[in-house]
Amino acid sequence: SELKDDFPALLAVMKTGTGALTRQEAAFLTWYHALDDKQTELVAGGAYSVCLALLDVQTNPDVGAAERTCAAGILMALARDEDLREGLARARGPSGSLVVVLHTLLHDSRDKLRLYVVSCLQLLAEVTQARSLLLRAMDNRLIYSALYCDLLRHSREGPCAAHTVTQLAMYLTSVLDKRDDLKAEAVEAGMLEALLETLHYSKSGSACTAVLALLLSLLEDRTVWPRVLRQGGIQLLVDILGPPPATLLDWESKCYRDISDPLWAAEQVEKRQEIKRLDMKLESLERADGTAAPGRSLRSNMPSRNKSTQNTLEDAEKALEVAGVAHTLQVLSHDLVEMMPAPPKLRSELLTVNTAGLKWKAITGIACWSNVAGCLYTLAQSTECMNLMSLRLAVPRLSILFNQVMAESQAGGDAGKKKGKAGKKKGLSLNPEQTVALIHITGCLKFLSLINVNRYRLAKYMSIKDVICIYEESSHTLLRRNAQVILTNLALLAENGQQLLTAGLPEEFLISRPMRLHDSDVELLVLEFPDAGLFVQLDERLKTVEN
């Protein structure tokens, strides 16, 4: 068609719905041009007002879903040009400002339409002037807080759900930046609880990364920390880091499998009931035949039979029936797993249960690690939160992340050395993203290393040589101080002495009389480190006390 490259004509068809093309065809062609770097020409032709008119539900309720989705896609494509965002933020629809028109569409059930609307808002919020215009249209308040919380909680199904959550969290992070008044308003509306609920169900790494960034900004206010505790937020955040140590997972899966695996527990109950029924049947058969002896096990092999009745057909059938029941009992009893005696626990308290929606084997990336470690770093300033992190075994998980970030940085440094002169420089090869991640990780471990058992764990899981490298070579003051505190706390424990010396701990950290693990500490660690000789150490102490 001759109209396909005629921007004014295409916009006219979209506006009136009449012409050589249908409104839907014109909308699709206009969207194509918007994605093909023709944004300036479309804006000059009045694309803002035309699209907002189609999106205005109050003025044009009869516009089709496809046309409305195209109009939202066009605005999103236009907002990709940073120079056009301020003008778009000033645009108005027939019934109100762009903010009013777009937020009305967030109630729509169509996933793609909501995604394009949220993406458009997110792009506008990235630019300071456009963000100011958006807030001015909302009277400098977060008047749509309830709507945002509802979207976070219920955007679970559909191909666009995770992308919608990602864009919405990024939009809110930009809007709330350096606005403590708006953060307080968001928290009051239930934003904190909505974010934690999203982390419980979301399996998308990008969505979790964006949600954690928003959560991190809200946690700057210490008054909201009790709300995180009430929602089980510490346990959730620690689980996002990754799985706990394999030794504890193996032990707990045996000890508490009836709690962690409800289906398996139900199967065991059914087997016990079947065994009980077969026991009673076997007992009645033997009693009828007169062969059951007092105290005889009812789960034995083929029961003894009376020789005088073996030759009759009836007795042969009974013997076969008894043998069949006994064999079935043997099979069921062999498959039945007896539970290890253990104190009762809630399922949510088990280490084997991942309370986060993100799977432990999911590939997330350094941004997600940095954000979740940043949340824990902030909360670790509270003694109650720090103790909960320790109980949930945050130290092994954070240590593994620390080792991975350092390995990535060293791999990047080695690549730089191969390229030429840049690799000749001494010091760490950390990019800004890795630096922030390490600050968050070491900052959290700095607080957790105040607990005695965590000092032992750190020496076992963490690369001490890398901590020393950061202390000696990092140019970032906070990162270097975090490493210094960790090394100081590790040197306080006598059991870490050999590992610290092997790693080359600087002399200024060595102390003459370090403390030793208490018996209660050893009891906590023996299951986690079964091969570390802690059982022997505890036994020797008990013998010394007895003597």
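Reader: Great! What kind of model is it, and what is its average pLDDT?

Author: This is a predicted model. The chain has an average pLDDT of 84, and 80% of the residues score at least 70.

Reader: Where does pLDDT stay under 50?

Author: One such stretch is residues 292-313, for which the model has 34 contacts beyond four places in sequence. Another is residues 421-425, with 2 contacts of that kind. Where pLDDT is low, the predicted coordinates should not be read in detail.

Reader: Okay, I'll be careful there. How many residues are in the largest nonpolar core?

Author: It has 154 residues. Those with the most contacts inside this core are Leu 75, Tyr 148, Tyr 171, Leu 199, Leu 215, Leu 237 and Met 389. Helix H8, residues 111-125, gives the core its largest share, 10 residues.

Reader: Which residues does Met 389 touch?

Author: Leaving out residues up to four places away in sequence, Met 389 touches Ile 234, Val 238, Leu 376, Leu 379, Ala 380, Ala 394, Cys 444 and Leu 448.

Reader: New topic: helix H24. What should its 17 residues span?

Author: Helix H24 covers residues 432-448 and, at 1.5 Å a residue, should span 24 Å. Its end C-alpha atoms are 25 Å apart, which agrees.

Reader: How many of the residues of H24 are buried?

Author: 13 of its 17 residues are buried, so H24 is mostly covered. At the start of the helix, a side-chain oxygen of Asn 431 comes to within 3.1 Å of the backbone nitrogen of Glu 433.

Reader: Are Asp 37 and Leu 393 buried or exposed?

Author: Asp 37 has a relative accessible area of 60%, so Asp 37 is exposed. Leu 393 is buried, with a relative accessible area of 4%.

Reader: And where is Ser 474?

Author: Ser 474 sits in the loop between helix H26 and helix H27. Its relative accessible area is 9%, so Ser 474 is buried. The side chain of Ser 474 reaches the backbone nitrogen of His 476 at 3.2 Å. Apart from neighbours within four places in sequence, Ser 474 is in contact with Leu 428, Cys 469, Leu 479 and Arg 480.

Reader: Last topic! How many aromatic pairs are there?

Author: The count comes to 7 aromatic pairs. One of them is Tyr 377 with Phe 447: their ring centres are 6.2 Å apart and their planes are at 45°, so the pair is tilted. Tyr 377 is in helix H21 and Phe 447 in helix H24, 70 residues apart. Tyr 377 is buried at 15% relative accessible area, whereas Phe 447 is partly exposed at 22%.

Reader: What about Tyr 471 and Phe 509?

Author: Their ring centres are 5.1 Å apart and their planes are at 70°, so that pair is edge-to-face. Tyr 471 is in helix H26, and Phe 509 is in the loop between helix H28 and helix H29, 38 residues apart. Tyr 471 is buried, with a relative accessible area of 18%, and Phe 509 counts as buried at 6%.

Reader: Which residues form an aromatic cluster?

Author: Phe 28, Trp 31 and Tyr 116 form one.

Key
Residues numbered from 1 in each chain as written. Heavy atoms only, no water. Helix = DSSP H or I, 4+ residues; strand = E, 2+ residues; numbered from the N terminus. Expected span 1.5 Å × (residues − 1). Buried < 20%, exposed > 50% of the residue type's maximum accessible area, 1.4 Å probe, protein only. Polar contact = N/O pair within 3.5 Å; in protein donor to acceptor, adjacent residues only side chain to side chain. pLDDT = per-residue confidence, 0-100. Contact = heavy atoms within 4.5 Å. Core = buried A, V, L, I, M, F, W, Y, C linked by side-chain atoms within 4.5 Å. Phe/Tyr/Trp six-rings, centres within 6.5 Å; stacked < 30°, edge-to-face > 60°.
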